[in-house]
Amino acid sequence: MRKLFLIIMILVMALIALASAVYYKYVTTSINVTNPPISIEQAQSQYISNFINRPTGLYISASISKSVIIYVNNTGTINITLARVIITRPIAVELNINAQEPVQLTLMILNASNALVAMYPNDTIFNLNPGNYIIIEEIRLPMNFTGMTTVSGTYIVMIKGVEFVYNLNEDINITN
């Protein structure tokens, strides 16, 4: 009788543990940020045709005529002011962004005094103090390139050890 009781107790405990594991598998945690530490807004740019800032990240469309691109040694370069960023608390940012070949990309983060704070891909992780910043994108492409290209990746905002991961998707249309 005692063995039967022990076996039943072990089975009941295993069943409770299994039920708890299944229950917590479906529990999600959500937070509501009333004063976000980072705000991203569209900057004045003649090339940006669509700028959407969603909770999951940024979605940007740009249209560039080849006539405004500066060509040196068969390589064209153009700078696009992508966004204005307002930081309210010290944060760390990690960038992981790729441009579709044959386009090459450099991002420059400038503070309110137009001083260079960080330059991607050289700086993949950098700290930003409270203040206003501008993000400028430099695109380099071959002289004969026309059509659509994509810039995509993630940017991670780290606040006191908590990471917030956002997507960046940009479609760039190069026209004649």
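**Pocket and strand arrangement of the predicted model**

A pocket is here an open set of points, on a 1 Å grid over the protein atoms alone, with protein on both sides within 12 Å along at least five of seven lines; its volume is the space filled by probe spheres set on the points, the probe being of 1.4 Å. The structure is a predicted model, in which local features need pLDDT of at least 70 and side-chain atom pairs count only at pLDDT 80 or more, while totals for chains, interfaces and linings use all residues. Residues are numbered from 1 along each chain as its sequence is written, and side-chain values use heavy atoms, with hydrogens and water left out.

The lining of the largest pocket comprises 14 residues, and Pro36, Ile38, Arg54, Pro55 and Tyr166 lie nearest the centre; lining residues have an atom within 4 Å of a point. By class, 11 of the lining residues are nonpolar, two are polar and one is charged. At least two lining residues come from each of β1 (38-42), β2, β11 and β12 (162-175).

The protein chain has one helix and 12 strands, taken as DSSP runs (helices H or I, at least four residues; strands E, at least two). Of the 176 residues, 32% count as buried, that is, under 20% relative accessible area with a 1.4 Å probe. Of the contacts (heavy atoms within 4.5 Å) with a separation of 6 or more, 69% are between residues 24 or more positions apart.

An open sheet of mixed pairing is formed by six strands in the order β2-β3-β12-β11-β6-β9, pairing being assigned if DSSP finds at least two bridges between two strands. Because β2 (48-54) and β9 (125-128) stand at the edges with a single partner strand each, one side of each is left without a neighbour in the sheet. Within the sheet, β6 (residues 91-99) and β11 (residues 147-159) run antiparallel and are joined by eight bridges; Asn98 has Ser152 of β11 as its bridge partner.

Strand β7 (residues 104-111) is mostly covered, with six of its eight residues buried. This strand is joined antiparallel to β10 (residues 131-142) by eight bridges and to β8 (residues 116-120) by four, also antiparallel. Leu107 stands opposite Glu137 in β10 and opposite Tyr120 in β8. Four residues lie between the strands in the hairpin of β7 and β8, where Asn114 takes a positive phi near 65°.

How values were computed
Nonpolar A, V, L, I, M, F, W, Y, C, P; charged D, E, K, R; others polar. Buried < 20%, exposed > 50% of the residue type's maximum accessible area, 1.4 Å probe, protein only.
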